[in-house]
Amino acid sequence: MNILNKNDFNILDLPDEILLVTLNKLNTTDVFHSLVDVNQQFDRLALHYLYVRNIDMTDTMTITSLYDQTSSINTKILSKISEKVLPRIHHQVYKLTIEQYSMQRIILAANYPQLYCLSLINFQKEILYQYLTVDCLYLLDGRLDSLSTLVINVGQILDPILDVGSREKASQVEIFLINCG
């Protein structure tokens with residue numbers, strides 16, 4: 001027997017529990033892009049109900065200045081996640097954290113019947129105002145029926161937001177937080 005072969009170790013030789021702990025330390029976007037559809041074991045782990053319950057799609061936000069922000073997710077990667085991953089796990093997502101540049105693609109990718117907490121991070125005032133007034137209906141159009149917490153993180157609010165509208169549709173939202181600064 002060759003000693004070299006006896007000492008070879010493959011990441012797939014690790015128990016699933018250790019691989020899941022490792023996945024939890026990695027960027028969600030990278031895990032979905034790099035591990036989904038590689039093999040059955042990675043699919044099972046990357047799409048595991050404990051891993052996909054709380055999805056943070058903002059881990060690698062690139063900000064060069066307050067006015068020059070780019071999406072944290074490459075367009076091709078966002079397309080893959082929106083088209084191939086989110087439709088497979090949408091019914092298992094309980095908490096979702098997204099930023100303004102990928103929000104529409106992620107929210108419209110699927111219905112999220114179990115989603116109870118939506119966090120909107122790094123939104124510019126004008127975009128946030130648009131989502132909370134003109135486009136509020138697509139946030140609260142039924143695809144987020146279980147939503148009870150809405151957390152919004154903006155850099156600074158200079159003018160108070162006027163009438164948000166559609167209050168009757170948001171009756172399940174128990175917690176509405178806006179974090180500034």
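Which helix does Thr29 lie in? I looked it up: Thr29 lies in helix α3. Helices here are DSSP runs of H or I with at least four residues, numbered from the N terminus.

I noted the ground rules next. This is a predicted model, where local features need pLDDT of at least 70, side-chain atom pairs count only at pLDDT 80 or more, and totals for chains, interfaces and linings use all residues. Residues are numbered from 1 along each chain as its sequence is written, and side-chain values use heavy atoms, with hydrogens and water left out.

**Thr29.** I checked burial. Thr29 is buried, at a relative accessible area of 6%. Buried means under 20% relative accessible area, exposed over 50%, and partly exposed in between (1.4 Å probe, protein chains only). I then listed contacts (heavy atoms within 4.5 Å). Leaving out residues up to four places away in sequence, Thr29 touches Met57, Ile73, Ile77 and Ile81.

**Helix α2.** I moved to residues 16-25, where Leu19, Leu20 and Leu23 are buried. They sit on the same side of α2, because their arc around the axis is only 100°. That arc is taken from the directions from the helix axis to the C-beta atoms. On the face turned away from the buried side I found the exposed residues Glu17, Val21, Asn24 and Lys25. The cover over the buried residues includes α3 (28-35), α4 (40-46) and α5 (49-52).

**Ile89.** I looked up one more residue. Ile89 touches Phe32, Leu47, Val52 and Ile55, not counting residues up to four places away in sequence.

Methods. Helix = DSSP H or I, 4+ residues; strand = E, 2+ residues; numbered from the N terminus.
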